[in-house]
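Hi,

Here's the structure I promised to pass on.

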Amino acid sequence: MTQLGGFDPTGTKWQREAMVADQLAARGLTDQSVLAAMNVIPREHFIPAQLREHAYLDGALPIGDGQTISQPYTVAFMCEALHTTPTDRILEIGTGSGYGAAVLSQLAKEVHTIERIPELADAAAEKLRQLGINNVFVHIGDGTLGLPEAGPFDGIIVTAGGEQLPRCYVQQLKDGGRIVIPLGETMRQQSMCRFTRQRDNLYREELGSFAFVPLIGAEGWHVDEAMHEAERESES
Ligand code: SAM
């Protein structure tokens, strides 16, 4: 595990322990390395100052630019589904606050994470630096195109909801690699999917229903579609 240099998360340790017991283990998550990682990373560090008292509540929270930090259960569920091992190189699409990447930093050898909103990417990189996490590399760009220059990866995890699996992900995945991605025909509701590559075959499993912000990009939803949906949501 990476040491969290220069940061003392002990003041909120009891809250993390309660979160792991009540929100994660009690709902059936069992991967001990994931539970340990969730127990180490201080979620409050990745949340806007005015919302920090809510850091360990059982839900997503706004982080600015219309985006969210995912619910702790969702982060842990996706990490467990990814079956990460300590030698893995992982690609995360949707850096957001940087929290998910920080959790992955404890599970994998190296994490590349892409965010399309530069302000969020820069803030997340700074938060990760402050914790002394040095195996996460933050990139700005359209994650629906993957990151071919850093691939192939053992796992790809997508933290925004798409309509279809971006085609390039399979080309950037090693044999035996996994992709965890929420997919749905509408922008409001998705099914969490896990794709496993075995040689030239790709196996798909459906792991349950979730609701994510949209995956926007060349191989995802288009910006105007997402804006239209946001307007409809504010009216409803
Ligand atoms: N993992 C994040 C965390 O721990 O805070 C949660 C991320 S939030 C639910 C989803 C993020 O995906 C948003 O920050 C959004 O801007 C980003 N996103 C959406 N489409 C993207 C794309 N094509 N490439 C990169 N990031 C994208």
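The lining of the largest pocket is made up of 24 nonpolar, 15 polar and seven charged residues (Ala, Val, Leu, Ile, Met, Phe, Trp, Tyr, Cys and Pro count as nonpolar, Asp, Glu, Lys and Arg as charged, the others, Gly among them, as polar). Bear in mind that this is a predicted model, where local features need pLDDT of at least 70 and side-chain atom pairs pLDDT 80 or more, while totals for chains, interfaces and linings use all residues. Residues are numbered from 1 along each chain as its sequence is written, and side-chain values use heavy atoms, without hydrogens and water.

A pocket here is an open set of points on a 1 Å grid over the protein atoms alone, where a 1.4 Å probe fits, with protein on both sides within 12 Å along at least five of seven lines; lining residues have an atom within 4 Å of a point. Helix H7 (223-235) gives the most to that lining, six residues (helices are DSSP runs of H or I, at least four residues, and strands are E runs of at least two, numbered from the N terminus).

And what takes up the space of the largest pocket? That's the ligand (to sit there, more than half of its atoms must lie within 2 Å of the grid points).

Now the polar contacts (pairs of N or O atoms within 3.5 Å). The side chain of Ser-97 has an N or O atom 2.6 Å from a ligand oxygen, and a polar side-chain atom of Glu-92 is 3.4 Å from a ligand nitrogen.

Cheers

Terms used. Polar contact = N/O pair within 3.5 Å; in protein donor to acceptor, adjacent residues only side chain to side chain.
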